[in-house]
Each structure stands twice: as C-alpha cells, then as structure tokens.
Amino acid sequence: MPDVDGRAEGRFADLLLDWRVQAGLSQEELAERAGLSVRTIRELEAGRVARPRKDSVRLLAEGLGLGASDAEAFLAAAGHGAAPRPVVSVADPAPTGLRWRGTRPIPDGLVGREQELLEIEGLLRQNRLVTLVGPGGVGKTELALAAADRFSGVDTTVVVVDLTTVQRDAAVPSAILDAFGTAPGTSDLDTVLSGRQPGDLVIVEDNAEHVLDGVATVANRMVRSFPGIGVLVTSRIPLGLPDEVVRRVQVLGVPANDRDFAEIARSPAVEMFCRRVARVRPDFKLTPENATTVARLCRRLDGLPLALELAAARAGSLSVDTILAALDDRFRLLSGPRRFGAPHQRTLADTIAWSVDALSDAARQLLYRASVLGSPFTLDAVVGVCTGSPIDAAVVPMLLAELVEKSLLQPVHEFEALYGARYKMLETIREHAYAGLSSQGDDLSEFQDRAVEWCTTYVAGLEGAWSSPDRERRYRAANANSAIFEVALERAAALGQWDVAARIVLGFRIAWQYQASVAESGIRWATVCADNVTDKELGGMLRAIAGRLSNLTGDVRSARRHYEEARQLIPGESEMGLVARGGWVSSGSHLLDTQSLAEIPTLVADARKHGDFQRSATVQAICGLALLRWGRLPEAKELLLAWEAALVNPGVYPDEIAYMALSRVELELGNLPAARRWAELARDNQASDDPERTKVAGSLAMVEYHEGRYDEARRLLDVADADIRGHRGYFDYLVVLYRSRLARDSGDVEQARIGIRDATSRLLAEGRVVYLLQVLPEAVAVLHALGRSEAGDALCGQLLSWQRTMDPPMLPTAWEVLQESCHRATAAPGWPLADPAAAVQQLANDVLAALS
C-alpha cells in the first residue's frame, strides 16, 4: 500500500492510479462504480486537478471499496484533511458570447409546440422550478432546450446538464459542475450558484428519472437557497417537491381523419414526419396522393416524436406505404439507425423498456393486462377485467397513479365532468405491454373473455336507463367505456357468439349516440351482427340501430336504407318497430320522400296506443320535426306541443332539440316572443359541457337576427360555430346560413360566398336535401351581391317555379329572402318535375359551380 502522510496531497493522482490498479478496475469501470464521468477520472489521474472535490473523492473511495481509515487518508491526500485549503472560486458567469453551456436546441427540432413554448416560458418567469414530464420519446428535451433559449436574455447563462450517464444520486452535483465547464475539483456547487441575480442563470437538468432523489435534493437546495436561479427539469416522473410546477408534455396532434388534405397538412405530427423524411429524401413532399397514408402512419405512431423520427429515417430505403404496412412489428422496424441521444432512447423498444423496467411488479402486471383493453379506459373497466392475483381491486387506483406518474398512462382530462376519470395508453406502449403479457405465458384470451363478460353485465345494468332521471349520467358513463366494448365485440365475433354480440350492441346503442365520433363503430357492429344473427326480428332491431347512428354521422341515405330494412323485419307496433318507423319518416323527410309524409298519421296513432308515454312523446317529436322540414308548420307545432305536454309524465324528459324545433316553428310563423321563449328553454336544458350535440346558441341567434339585434346575433353565431366544428348536428347549416346573411348585410360578400358554398356542399354530402330549400334563396342573394346577376336570375326563376308547383314549399324566411332578390326573374318553364330530390340537388350543384 502506498505511504500516505500530510505531504501526500501533491501525490493524489499517483495514489488514485495505484488504488485503481490494485482494485483491478479500468477507468471506465471505476467511473461507472463511482457515478462519475470517465473524463473526470482521466483528469484526476493525469494530475491536472489542483484539488479534487470532496464529494468526488468520497464517491471514488466508495467505488474503490476503501475502508474507513483508508477513505480518510484518501480524502487527506486530496486536500480535505483537518486544515483544508480555501476553495478556489469559479470564474464570473459566462460572458454573452458564451452564455450557453451544453446541448443547444436543434433549429427545426420543434413542430406544433408554439403554445407549449409560450406557457413554459411564462412558467419560468413566475416559478423557480419547472418539471416537464411525459413518456419516453415525446420530445421533452427539445421542448426544454427551446423554452430555455426563448426565456434567456443576452445576459442569461443557460447550463444544460445531461444526466443520462450519471449512475448514482450522489453524483448529480458533480455532473452539474461538469456542465458549468469547471475543471474537476476547482469549486463546489454552492460557490458556482452564489451571487446570481434573477434571470442570470437557468439550469436545464435533462433525463432525471433514474437519479430522481439526487436531482430533487439539489433542485430543492437551488430554489430555496439561491433566488437568482431558474431550474428546468425533464423527467418521466415528477420530482415531488413542494415548489415544483409540473407540466405534462403531450404527443403531437394527429389528423382526425385521412380524407381532408388541408387538415392532414395542418397536423403537427404530419409536419414533423415530412420534415424528417425530407432529410433523407429531399424530393419528398406531402401530396393529396400520399396524404392518406401519411395520416394513418402518424396516427398509428400516436404522434410520438421519437417514433416519427425513427420511421422517417426508414423512408430513405422504404416507401411510406411499406413503413405503414410494417408497423405491426414496429419495434423491429424502428430499431434505428439513431446514433445520438441517450442509450435508452436510440430504439423505440429501449425507450419503452426503460420506463417499464422501473415499475413495481404489480404496476407492471397491471400495465400488461390493461393492454388488452381499448383506449381510453376507465377505472371501472380495469377493476372489472384486470384484477386477480397478484392485483387486488383495492390497490388499482394506486397502481394507475404509478403508471400515470411514470408516464406510461396518460389521464384523459377532456370531458372529465361528463365521463369521469379515464386513462389513455399510447399504441406504442400498448404493443410493448401486450408483448410482455404474452411473453410471461399469460393466456390473453382469459382477459378478452373477461371483457366480454364485463360488457354483457354492464349493458344489462343499462336496462330502463332511458326512462330514468339520471339517464344522461348513465349513458355518458357507458360511452366512456366504448373502447372496451370494441374489444368485447371483437372477441365475441371471433368466437362466433353473435347473439352475445347482439345483446351488447342493443344494450350499448344509446351510449354510442352520445358521441358521434365513435358512432361509426356502432354502425359497423350493428350491421355485422344483423348479418349474422338468425332471429329476423333481432336483426331488424340491429338495423334500426345502424340507421339511427348513420343519421347522427350525417349519412342520411344509409340511415334511410337501414331503417327501410328494419321496418320490414320488426312488428310496427313494438317499441323498436316504432323506432324504425320514426327513423324512416325522419330520414325520408330529409330526402323529400312523400311516402314518409304519408306515414305520419298512422305512426303517431300507433305510438299513442303503445302505452309508453316516453316512446309516444319521442315519436311525436320526431314527426313534428319532419313536418317542420316539410313546411307543415301548424301540424308540426301541434305534435311538438303534444311532446311538450307529455313532460308531466314520469320517464319523459326535456330535450333541447324539440325545444329548438318549437322555436323554429314560431319563428317561421312570425311569433318572435314565443320563438325566444322556446329557444331559452332549449338553452336551459342543454348540458353546458356536452361535447357532441349541437349547442342552441344558433337558435337564439336566429331570434336576435329577426328582432334586429345583429351584434348579439353575430356573437351567438360565433359561439355556435365554434361548437359545431368537428361533428354533425341537427341545425348546423342554419348557423352557416345566418352567418352568410350577416356577412352580406355588412358588405362582406366574399365571406357570404364562402359560407353559403360550404353549407351547400355539406348538405349535398350528407343527403339533407330538404334543407337546401332554405339555403338556395340565400345563394341567389349572394350571387346578385357578387355581380353575377345572370346566374342569380336563373336560379331565382327555378326556385319561383318550385314554390308554385312543388311540395314542400320554401319556409317563410327563405321565401322572403328570395322575393327580395328576384326583381327581374320570371318563373322557369318545365315545372313541376317528377323527382323533387334530384331537382334540388341539380340546383345545388349549379350553385356550387356559380360560386366557385
């Protein structure tokens, strides 16, 4: 053993080398044991450090396995004996030209993060410690670097501490000092941090999750003892400090569909993918031809930046179609070639495994089992399907909290008041977890069968919900579990259990109606089950469900077809028979089918004889709406008032749609006070946080418009317009129609043109032909305002002939607009026509051509 005395301080380098050789360790192995960098070991052994840091020497002593007396002598040799030398101060903060130390942000590293950047910059100005958390590969590092760059001024020093190679909590202070650029041993952390003014220094501690205690300890000391310092941490897990402000970094937004090229091009995930592909294929651009594939690819990758980047790297040798097709084995496909970044983030599999391996055993098992569920899912679904040894139902909330804390699940806060607590699992994490469940020998079918059993029991509990006072809550709670119902139906179909699947569809039918965005799934399952069940009446009931959901998604023609099939299979006086007949009448009124109108008297009479107040009231409201579309205003009012009178009966509840229809009837009859009263009742009965169904602001806006309060009408239309984006509703076209009228009245003819063209296109696509009779007169007025009088007069002449010879007539408000615009036009010859719907559609197509 080397001799160590009071003069050995100058020989510390030799002493360290001797101890390391005797221990049989390389510099790399000692660095890993001590949690220090190889550079530090190299500098110390070369004698280029005047006085090593005390904490570094202690870490080295532990790494070398020194006993207490040897460790004390080791410290003395490093100058940390009874009379230590004064600490040498680090230099003043870096001048402006060297204000950034460490990794710089990539110039185009961020896409679609502007709002988050602004928020984090604001948080850094108001708080001392901000932690960005999120799943691996979500882009926390680039967001933190960009936020620090935006926050910093000309005199601010930004120090980036990459913690990926730090192995021990005790080594965090040394890593921070290394990031400052100080030679090992020249200072301690307190000296570096002292004397800073607010805004002088921002420290970014990146990838902190594996040394969380060490980072938390240092960060707590920084914010409590050094008021001039801001600390920004990235981690998959929050630090858990009282001064910490936590912000979860979300995946990039993906396109809602794969058909709308403009929407696809606006998607941040698509933009990032295309930018990254252009690095390996400079000729690559998003086009209408490849947009569908790119949109589907980005959705399959969850908008996860790391996954998008790795997929884009493959585009140098594979087509985008091939990459999409290969995503079923995404972990092999996205295994590289990424040569930079933390070792655990160079492949997609490593990134996910890093987080999963850090879980407790029970949480890992719950993650594996939850991969069988759809996404999002609720606590009730997890308890119902995923419990059993070693997971007890009582600990599920705590395990879910662990999974959220470690960024393997994401809480779904959107519409939480409606749907309660829900959780989302990224598809990438789901595939990893699903593979984990398979690899440990668990029978996947066991949990799939549990899902079928749980859903069958759940829908049985929904019996009678439609007539209960809390039906809204019960159906919305069911809708929150729509993803697991998809899993259960897939399993039942795979086993050929069509009667079981049909029971689930029948029980879940109303819940699908509460969210039009998932109604497509309901249509598919109702149709598939109807094709496979042997009972004809049951098949008819399923067809009726498909019709109802098709109408909600805006596909009136499909709704009509499904209802027609249903009414042939179900007894007309039964409850579902009345549903099918009512839907057939409603869809037919949209399509200008006179047979539907003729069905109404018999249908209303059968509904009244049915004996169920709720069903009778619903049928009368449906028929009242159909008569309103047909221009039979007094008859429509009579049936709608009958619905309103039925509200005194148990099981019959207010419905804002019927109130809106009553308001519209009174508006067309010129009774504005009554129209306002009904519109206000509609507003009062619409759930304030209902995310899907059309708001009633548009109904009130029409009343305000006809009473001459144009500013208030415009404000309400703005509210209604924001509400209808992204889904279909009963009166959406009226919002666009009245916006066009206001724009035209104010002289903004271009805006009026855009609005009326969009309304016409939408109604044509949906098949709601009857509403075109209210839009086309406004198109005449817009054409005249644009100076296209010839086209306006031609359309006006056709509409004048319609009003004289065809049924239904235009409603009074539309007829008034037409009369104001048709001073020179005369009725066109050749009317009446045999096919009213085809005639209106042809006029609408002519309008689109004239307004293009």
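## A partly exposed lysine and its partner

Lys637 has a relative accessibility of 23%, which makes this residue partly exposed. The model is predicted. In it, Lys637 forms a salt bridge with Glu666, and their closest N and O atoms are 3.0 Å apart. The two residues come from distant parts of the chain, 29 residues apart: Lys637 belongs to helix 33 (residues 633-645), and Glu666 belongs to helix 34 (residues 656-669).

Glu666 has a relative accessible area of 6%. Because the limit for a buried residue is under 20%, Glu666 counts as buried.

## Two pairs within helix 37

Helix 37 spans residues 710-724 and holds Asp711 and Arg714. These residues form a salt bridge, with 3.3 Å between the closest N and O atoms. They are three residues apart, so about one helical turn separates them. Asp711 is exposed at 61% relative accessible area, while Arg714 is partly exposed at 33%.

Glu712 and Arg715 also lie in helix 37, three residues apart, or about one turn of the helix. Their salt bridge has its closest N and O atoms 2.7 Å apart. Glu712 is partly exposed, with a relative accessible area of 29%, and Arg715 is partly exposed at 43%.

## A network and the total

Salt bridges with shared partners join Glu564, Arg567, Arg581, Glu599, Asp606 and Lys609 into one network. The count for the model comes to 48 salt bridges. Side chains of opposite charge can pair when their charged atoms come close.

Definitions and conventions. Residues are numbered from 1 along each chain as its sequence is written. This is a predicted model: local features need pLDDT of at least 70, side-chain atom pairs count only at pLDDT 80 or more; totals for chains, interfaces and linings use all residues. Side-chain values use heavy atoms; hydrogens and water are left out. A salt bridge is a side-chain nitrogen of Lys or Arg within 4 Å of a carboxyl oxygen of Asp or Glu. Helices (H or I, at least four residues) and strands (E, at least two) are DSSP runs, numbered from the N terminus. Buried means under 20% relative accessible area, exposed over 50%, partly exposed in between (1.4 Å probe, protein chains only).
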